[in-house]
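Reader: I would like to learn how to read the features of a structure. Could you take me through one?

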Amino acid sequence: MDEKTIIVTGGAGFIGSNFVYYMLKKYPNYRIICLDALTYAGNLSTLKKAMENENFRFVKGDIRDRELVERLFEEEKPDIVVNFAAESHVDRSIENPQLFLETNIMGPEVLMDACKKYGIKRYHQVSTDEVYGDLPLDRPDLFFTEKTNLHASSPYSASKASADLVTLAYHRTYGLPVSISRCSNNYGPYHFPEKLIPLMIINALHDKPLPVYGDGLNVRDWLYVEDHCKAIDLIIHDENSVGEVYNVGGHNEMANIDIVKLILKELGKPETLITYVKDRKGHDRRYAIDPTKITTRLGWEPETKFENGIVKTIKWYLDHKDWWEEIISGDYQNYYQKMYGDK
Ligand code: NAD
Ligand code: TDX
């Protein structure tokens with residue numbers, strides 16, 4: 001197996017860290033460098049085991065810091081860059097759009113300039129199904145394909161859609177070898193407890209109210225995080241995927257309220273904990289991915305069924321209380337009060 005050096009940005013966050021572990025295990029000859037600014041969402045304790053691996057290096061830094069990024073590229077001469085680094089929470093983007101535009105658009109621009117300068121073989125932009133906007137609940141026949149128009153709803157999704165356009169522009173204008181994946185909602189280990197599934201698990205464990213936005217009928221298409229990692233692995237190793245966009249999703253649509261009820265059932269907690277609260281502004285109704293392209297071209301298929309994945313995930317949170325207790329003991333309480341105090 002040949003050797004490669006991959007820079008994984010945002011590797012101290014949820015999906016990035018799962019990708020670091022996936023790659024270290026699957027490719028013992030690869031060197032994996034994580035570049036992460038360690039914002040509130042990044043956690044060094046998540047990478048504790050990776051730090052013991054001599055093929056892994058952690059660098060604390062901001063993807064918008066051109067000097068630092070260029071120095072790192074000069075030192076490491078990466079073959080591939082996979083960009084997970086982003087501000088990722090829709091609710092926070094409604095409170096502070098500026099940070100989202102700066103990180104999620106300017107960050108990729110700095111990374112791609114460095115890729116161009118150092119002749120990197122692939123820049124992969126990790127995007128989201130949210131760039132397509134939403135689908136109506138009464139049209140279950142409709143799905144997002146790669147040809148669906150971009151139609152973002154929140155400052156978060158608008159920033160991700162912008163980054164996709166800039167990525168494709170770097171390919172067309174400069175011939176940069178890029179690829180993009182647009183994935184549906186992930187769940188699994190190391191998911192930050194501001195997001196629906198971990199937030200509901202942790203509140204239920206504390207017998208705290210479970211805040212369901214609006215009528216709870218909004219639909220998301222859930223994918224186990226390891227299946228997302230596998231998709232990115234296939235894309236970055238496929239030479240014919242340069243310039244391509246792939247939708248990644250599991251045909252696993254569920255209404256929020258059904259997920260919340262399932263979590264309560266698994267934990268043996270009563271449904272009286274469910275509390276309907278004020279809806280998210282501009283709340284997307286339904287996301288649903290058509291993954292035909294990645295399935296037919298790269299043979300990707302989701303492996304973990306939701307009924308197994310959610311049980312595994314709940315068990316992970318029960319077994320890793322130290323990980324999330326440290327998080328919720330800090331600034332998280334201020335965040336929770338600010339976001340949910342008046343709802
Ligand atoms: P996350 O918020 O858990 O992690 C983001 C990571 O990026 C953190 O470690 C943070 O410290 C780091 N980061 C933030 N700003 C940075 C900067 N300026 N420089 C360097 N590092 C910085 O996010 P996630 O849920 O793991 O999402 C990862 C990527 O996948 C994002 O690009 C997101 O848009 C995309 N995505 C997420 C989902 C999902 O369901 N979570 C689905 C589809 C796509
Ligand atoms: O307290 C809550 N109550 C609630 O009803 C929270 C946090 C969420 N929700 C609802 C809003 C959404 O309909 O649950 C659904 C899922 O919410 P999030 O976990 O915030 O995810 P979402 O907004 O769908 O976005 C996620 O998937 C796509 C990620 O955060 C994005 O980074 C990714 O691009």
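Reader: How many residues surround ligand 1, and which are the closest?

Author: Two notes on the source come before the answer. This is a predicted model, in which local features need pLDDT of at least 70, side-chain atom pairs count only at pLDDT 80 or more, and totals for chains, interfaces and linings use all residues. Residues are numbered from 1 along each chain as its sequence is written, chains are lettered from A and ligands numbered from 1 in the order in which they are written, and side-chain values use heavy atoms, with hydrogens and water left out. A residue is counted as near a molecule if one of its heavy atoms lies within 4 Å of it. By that rule 29 residues surround ligand 1, and the closest are Ile-15, Asp-36, Ser-88, Tyr-156 and Lys-160.

Reader: Which elements supply at least two residues of the shell around ligand 1?

Author: Helices (H or I, at least four residues) and strands (E, at least two) are DSSP runs, numbered from the N terminus. Helix H1 (14-26), strand S5 (122-128), helix H6 (155-174) and strand S7 (185-187) each supply at least two residues of this shell. The largest share, 3 residues, comes from S5.

Reader: How do the residues of the shell around ligand 1 divide into nonpolar, polar and charged?

Author: Ala, Val, Leu, Ile, Met, Phe, Trp, Tyr, Cys and Pro count as nonpolar, Asp, Glu, Lys and Arg as charged, and the others, Gly among them, as polar. Around ligand 1 there are 13 nonpolar, 12 polar and 4 charged residues.

Reader: Where does a polar side-chain atom lie 2.6 Å from an oxygen atom of ligand 1?

Author: A polar contact is a pair of N or O atoms within 3.5 Å; within protein, one must be able to donate a hydrogen and the other to accept it, and residues adjacent in sequence count only if both atoms are side-chain atoms. The side chain you ask about is that of Tyr-156. The backbone also takes part: an N or O atom of Gly-13 is 2.9 Å from an oxygen atom of ligand 1, and one of Ala-37 is 3.1 Å from a nitrogen atom of the ligand. Taken alone, ligand 1 exposes 830 Å², of which the protein buries 96%. Such accessible areas come from the Shrake-Rupley method with a 1.4 Å probe; for residues, only the protein chains shown count as cover.

Reader: Which residues are the closest to ligand 2?

Author: Ligand 2 is surrounded by 22 residues, the closest being Glu-130, Tyr-156, Arg-280, His-283 and Tyr-340. The side chain of Tyr-156 has an N or O atom 2.5 Å from an oxygen atom of ligand 2, and that of Arg-220 has one 2.7 Å from an oxygen atom of the ligand. A polar backbone atom of Pro-211 is 2.8 Å from a nitrogen atom of ligand 2. On its own ligand 2 has 660 Å² of accessible area, and the protein covers 94% of it. By class its shell has 10 nonpolar, 7 polar and 5 charged residues.

Reader: How many salt bridges does the structure hold?

Author: A salt bridge is a side-chain nitrogen of Lys or Arg within 4 Å of a carboxyl oxygen of Asp or Glu. The structure holds 25 of them. In one, Asp-91 and Arg-280 meet at 2.6 Å, N to O. Asp-91 lies in helix H4 (residues 90-95) and Arg-280 in the loop between strand S12 (274-277) and helix H10 (292-298), so this pair ties together parts 189 residues apart in sequence.

Reader: Are Asp-91 and Arg-280 buried or exposed?

Author: Buried means under 20% relative accessible area, exposed over 50%, and partly exposed in between (1.4 Å probe, protein chains only). Asp-91 and Arg-280 are both buried. Another salt bridge joins Arg-57 to Glu-76, with the closest N and O atoms 2.6 Å apart. Arg-57 counts as partly exposed because its relative accessibility is 26%, whereas Glu-76, at 10%, counts as buried.

Reader: Why is the pair of Tyr-187 and Trp-222 edge-to-face?

Author: Rings of Phe, Tyr and Trp (its six-membered ring) pair if their centres lie within 6.5 Å; planes under 30 degrees apart count as stacked, over 60 as edge-to-face and the rest as tilted. The structure holds 22 aromatic pairs. For Tyr-187 and Trp-222 the ring centres are 6.4 Å apart and the planes at 80°, so the pair is edge-to-face. Tyr-187 is in strand S7 and Trp-222 in strand S9 (residues 219-224), so the pair ties together parts 35 residues apart in sequence.
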